[in-house]
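Biologist: I'd like to go through this model with you and ask what stands behind each label. Could you set the values against the definitions as we go?

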Amino acid sequence: RVFLGCDAVDALEAKVFRSRATAVRAMQVLVDHDLCYHVLHPEPFQDKQRCYRFYDDYDFVLEHARRRLLQAEKCSFWKQYEKGSLAYHAASTLIHNVNGIVAQSGRFFGIQNLQRHWAAPTWIRKLHDVRGLQSIAQQALVWHFSFGYAIALGFVTCAEEISQVCHQLIEDHEVALVVLRKIRAAKATVMRHLQEIALQH
């Protein structure tokens, strides 16, 4: 089911189109319309020895569901900001993180996107070791943990909202269950992190 871009162009040039350039443009149209994709990362179609794959029905439905889910997550983060339950910086950071994976076929927004906001940056730890700057380091650390907590809480709130409407967002029952399991697993991991933060502070 995986094919090389140059092989697809060879076949189209030989059997359908008269020029290689037209065959490449035709393949790019398929990529643009999410009918086939590069197996490792999103990129424009290339007439090279790069691996591509056509979506089968399940892949196509799952990818469509993933994109709808990511859009719903961005809407949730912004609505939380508008209601005043999520600070602007936290909401915009979450939305920016979602935007970063939209084009990455098969990637869902989850724990791997949040973890880097939780660990104390090295510069804060180094600042804490400098005599006379401990109070500044402590303030920076408190702000950092507060920000990480806000982001985690925003994600949990979003996961709860989307869990309730998942079957309305995604029509295919089997795909909706797969997505729901991913949301619940990510939420459980983030909840554990929130509990750890609460115990530490």
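**Labels and their cut-offs**

Modeller: Gladly; let's begin with Thr122, which has its place in helix α6 (residues 122-128). Helices here are DSSP runs of H or I with at least four residues, strands are runs of E with at least two, and both are numbered from the N terminus. This is a predicted model, so local features need pLDDT of at least 70 and side-chain atom pairs count only at pLDDT 80 or more, while totals for chains, interfaces and linings use all residues. Residues are numbered from 1 along each chain as its sequence is written, and side-chain values use heavy atoms, with hydrogens and water left out.

Biologist: Why is Thr122 called partly exposed?

Modeller: Its relative accessible area is 41%. Buried means under 20%, exposed means over 50%, and partly exposed is in between (1.4 Å probe, protein chains only), so Thr122 belongs to the partly exposed class. As for its place in the fold, Thr122 and Gln195 are 73 residues apart in sequence and 23 Å apart in space, C-alpha to C-alpha.

Biologist: What makes Lys15 count as exposed?

Modeller: Lys15, found in helix α1, has 73% relative accessibility, so it counts as exposed.

Biologist: Why does Ser163 count as buried?

Modeller: Ser163 has a relative accessible area of 19%, so it is buried. Ser163 sits in helix α7 (residues 134-169). A polar atom of its side chain lies 2.7 Å from the backbone oxygen of Ala159. Ser163 also touches Leu180, Ile183 and Arg184, not counting residues up to four places away in sequence.

Biologist: How do you know that the span of helix α4 agrees with what it should be?

Modeller: The expected span is 1.5 Å times one less than the number of residues. For the twelve residues of α4 (residues 88-99) that gives 16 Å, and the end C-alpha atoms are 16 Å apart, so the two agree. Among the buried residues of α4 are Ala90, Thr93, Leu94, Asn97 and Val98. An α-helix has 3.6 residues a turn, so residues three or four places apart point the same way.

Biologist: What makes the pair of Tyr81 and Tyr88 edge-to-face?

Modeller: The structure holds nine aromatic pairs. In the one of Tyr81 and Tyr88, the ring centres are 5.4 Å apart and the planes stand at 70°, so the pair is edge-to-face. Rings of Phe, Tyr and Trp (its six-membered ring) pair if their centres lie within 6.5 Å; planes under 30 degrees apart count as stacked, over 60 as edge-to-face and the rest as tilted. Tyr81 is partly exposed at 31% relative accessibility, and Tyr88 is partly exposed at 48%. Elsewhere, Phe3, Phe45, Tyr52 and Phe54 form one aromatic cluster.

Biologist: Which order do the strands of the open sheet have?

Modeller: The three strands have the order β1-β3-β2, with antiparallel pairing. β1 (2-4) and β2 (36-38) stand at the edges with a single partner strand each, so one side of each is left without a neighbour in the sheet. From one strand to the next the twist averages 35°.

Biologist: How many bridges join β2 to β3?

Modeller: Three bridges join β2 to the antiparallel strand β3 (residues 51-54), and strands pair if DSSP finds at least two bridges between them. Cys36 stands opposite Phe54, and Tyr37 stands opposite Arg53. β1 and β3 also pair in the antiparallel sense over three bridges, with Val2 opposite Arg53.

Definitions and conventions
A polar contact is a pair of N or O atoms within 3.5 Å; within protein, one must be able to donate a hydrogen and the other to accept it, and residues adjacent in sequence count only if both atoms are side-chain atoms. Contact means heavy atoms within 4.5 Å. Axes are lines fitted to C-alpha atoms, for helices over the stretch in contact, and angles run from 0 to 180 degrees between N-to-C directions.
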